[in-house]
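Please study the sequence and the structure before reading each solution.

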Amino acid sequence: MASKLPFPGEGQVSLLKKLNLIPTQGLINKAGFFRYLLLLTVLLTGSTALCDAQSTFIQHYSTKEGLPSNNCYSIFQDANQFLWIATDAGVSRFDGQRFENFTIDDGLPDNQVLQIKEDRKGRIWFLAFNGEMSYFHNGQIYNSTNDETLRLLKFNAVIISIFHDSKDRLWFGTNKNLLFMFDGKTLSKYSSTDQNNQFIFSYANEDAQGRMWVYSQNSVRLFKHGKFDLVNSHTASALSYKMIASANSNTMWYLDKKGLNFKQGKVQKLVRAINQKFAALELGYFHVDHDNLWLSSQDGVFHIDSIGHTQHYLKGIPTVQVIKDMQQNMWFTSSDGIYMLPREENRMFTLNKTHGLSSNVVKSIIKDRKKNIWLGLEGGFLNKLDTSNQISVFKVKRNRPYHTGIKKLMLNADGQSIFFASDEGLGVISNIHGDQPEKTYLQEQQQSVFVVKDFALNGDHSLAVALSSGVFILKESNKNFEFSMLNLMEGVDFFEDRAYSTFYDKQGKLWFSNTKGLHEFSKGKLKPFNKNSLLTKRINDIKQLPDGTLVLATDGYGLLLTDGQDILHHITQLDGLASNICSELFVSGKDIWVITNKGINRICMDTSVPKVESFQYTNALLKNDVNDVYIDEDTSYFATNSGLVYFHNKKHNQLVEPPKALVTSIVVDGIKRNINDLNIKLNPLNNKIAFYFTAIDFQNQDMWYRYRLKPEDEWAETRVKRIEVSALEPGKYKFELQAKTINSDWGEPVFLSFDLKAKLWETTWFKLILFALAGLGLYGIAVVVTKKQKNKEQQKLLLKNKILMLEQRALQAMMNPHFVFNVMNSIQHYINTKDTSSANKVLTGFAKLIRKNLEICTKSYISLQEELEYLELYLSLEKKRFGDKLHYDIRIAATIDKEETFIPSMLLQPYIENAIWHGIMPLEQGGDLHITISLQNQDDLLIEISDNGVGIDNSLKHKKFTHTSKGMNLTQERINLINQIEVNPIQIQVKQNGISGTSVKILIKIAE
């Protein structure tokens, strides 16, 4: 026996169940019984009954999903299956995943568009509120500014209908006594002076003989020889202009107070009477689908089937229009966006607290042998839903262990008891089919708190419980339902380490997972599985297929199928799984149902290779809050945080429906091109082309695309809806595109051709000439380059050698003989005056300076720290010699890393020595020396050496004989040589500061 939960449209019994007239607890009371009989009488007599359909899930789209406005007037599906939505903020084109919006900025003459229609040429017409016409064709909107014909189509009325006949004429009905016809050149206007038979709210249609008929609210006219003959009058007394709709083959439908009427030419008949209450409602547009009538209204949408049964959708939500798309989905427009009721086999239904459940949060689900559905809910409730949809409530203990919810349910071997578990408790309800079910709770003898992760039952009444501390086995749980943690023995009935799941297979073997992975316990022996690293990962659930294969749901590694020895299949997202994080499993025959954190999948094992199927249309309800699953013959049930969700369990062959790929626009060198342009030629110098595409899908399916540019090319797959190609070889190309979902094969391809001309230098004759010239000049170029390279290398070697020689000469020049002589005199003076302490200090400093010179003389570059230490030694000796005649200070910016900043060695000392000897010492009172080091532009090191001495210009004027500072000259020559080798030159500037004093500035690029 299959599921008994209600699915609308399954007949009178399902309709009866859908009304939810049965109390949520206990037996049917008298009031409920009489209501039951009353409804049964209504059904059997064929009278109209209103059915509460609020449990049917309806997808809602609003501005949050991309609509330009929630105030939607009309919805229309074009020949390419795009949905167009007319709003008060422009129009929107919808492919199932993305809303592409168009406004006055894109060419609409008015943002308030009331209706959308398509003509025979595929032009999408927008009927705007201001009466100006525009249409969309081949990716572009045309209006009176870019289309000459549209300049004529300006009406001082609201267009309510448009028809394109076989003679390429356009007919426009308006809200006034005006009908317009445009033949491509002239606009003709028709009206009537007969007050009772005017053209108000006219709809044009064409019959099989090519004759034009025009239906208005009060008359029918036939177009002959350029004028209209009144055929019938006062026959179509529709409730309003919205209650009139023209169809194919010269037919019209309209609603009056009696019901739905059909008119073809002069023939008119009442097709179906409807309840008078509908005539009293403020109705919007209607839709006729075979024997089904759909009515939009201020109180939602009403569906009236062929036998008069009525279902009410979107109760309390004002709706304007209802249509059925080519995929058999129903769409409703409203002032709160648009709604989609999926086609019947994809419809989902919910059962929650409003229907009598104890809570909306359903944690677990199971079905007993009498087809009763048991639900574990938040708050410690168990609900039983019997085959008559009567709900019985069982309240578990109100203490903390069960209040978090009943997260797992399991029948025992004889099907007479149900075990249930929460996070911190486990119990059993015995005699579930009897008059007095009994509840028993698992007790720990020391009253210790235990955290339940999972449990499993064996046919011999053994109970295996996965705890946060390990797995323990309670034998004969039907006789003794308590345990003691102190009496459990490791390796016998207890296995330590945090556990996640437990499972007894058909042979009675216990399988469980913990922090070390999968384990098997059989005949008193424990067998771990550590040879394969995947079996050592966290496993959230374990189930078994009919052939004995174990199915493992891992936490991040997908599904594993094993025979207990080897991994037979590893199924991941690459195979179509919604996510690699799998939480719950259910085995139904050869099918594996898996719950992931991103949706649900069914894996079909009846083929050599497992086939992964997805149910993306359920993602709105089943994407990330599914707690448990149960599958029977024809229904899939899911325990979610929003109630019980269920839908028809479709067969595998019903899932194959290849999507249709569509190219929406082509952009060539930044310019949008007509997608039907058969003569696209790319400029050889600017050959970038981009294709924008999509595939129509209203079931929330993941879409894959593949494309190629030539038939012989390999397919390239992508999930992005945009392909841009450039740097192509000259030639002819044929862009080919296909789309597919995980449940389908590749759809029919779409083709677009384009050519790329060859550049002048890409022609064959140009290449031959170029190769010849290149061959002739190659030898000479190679010789010249080689010779220059050798000369450069020799010059670099000479420069490096000269720099080394100059460094040695600079070392000698820096140790000025006068400085050595004077230091020695000072030492002698201190010795003669028996001031041995001062002599020793001077001698020690001099020795350190000599040692420092020897350390840095072999280096081309030294750190700024080393340079400063050297200068401190030198200046301290000079200070000892000259006493108060010399004052100096060294200032360095805090942002400079002295250890990581490098400068040429022996660079500063000559300039400092020159400042002391030739600038400060000639003055009787002495002077001051300032050394400042800072950053300039973050990348340049600026060193400034300034004194208030004689001044370099004054010093040179008063010298009686020419004296050359060898240290400064050698340093300058060395810097010039370095600048020839290095990329960033060192800049040195020496100048007198006004009347006296000298300033030396050295700018060095800091190496990265």
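**Exercise 1.** Determine in which sense S7 and strand S8 pair, and over how many bridges.

*Solution.* Step 1: in this predicted model, strand S8 covers residues 124-128. Step 2: S7 and S8 run antiparallel to each other and are joined over five bridges.

**Exercise 2.** State the order of the four strands in the open sheet, and identify which are the edge strands.

*Solution.* Step 1: the order is S7-S8-S9-S10, with antiparallel pairing. Step 2: strand S7 (113-118) and strand S10 (140-142) pair on one side only, and these are the edge strands. Step 3: on average, neighbouring strands of this sheet are turned by 25° against each other, direction ignored.

**Exercise 3.** Describe the second largest pocket by its space, its lining residues and the strands that supply them.

*Solution.* Step 1: this pocket holds about 1,400 Å³ of space. Step 2: its lining has 37 residues, and Phe 76, Lys 117, Ser 246, Ala 247 and Asn 248 lie nearest the centre. Step 3: sorted by class, the lining comprises 19 nonpolar, eleven polar and seven charged residues. Step 4: the strands that each supply at least two lining residues include S7, strand S3 (72-77) and strand S19 (244-246). Step 5: the largest share, five residues, comes from S11.

Note on methods: Residues are numbered from 1 along each chain as its sequence is written. This is a predicted model: local features need pLDDT of at least 70, side-chain atom pairs count only at pLDDT 80 or more; totals for chains, interfaces and linings use all residues. Side-chain values use heavy atoms; hydrogens and water are left out. Two strands pair if DSSP finds at least two bridges between them. Axes are lines fitted to C-alpha atoms, for helices over the stretch in contact, and angles run from 0 to 180 degrees between N-to-C directions. On a 1 Å grid over the protein atoms alone, a cavity is a set of points where a 1.4 Å probe fits but cannot get out, and a pocket is an open set with protein on both sides within 12 Å along at least five of seven lines; lining residues have an atom within 4 Å of a point. Grid points are joined across faces, edges and corners, and a volume is the space filled by probe spheres set on the points. Ala, Val, Leu, Ile, Met, Phe, Trp, Tyr, Cys and Pro count as nonpolar, Asp, Glu, Lys and Arg as charged, and the others, Gly among them, as polar.
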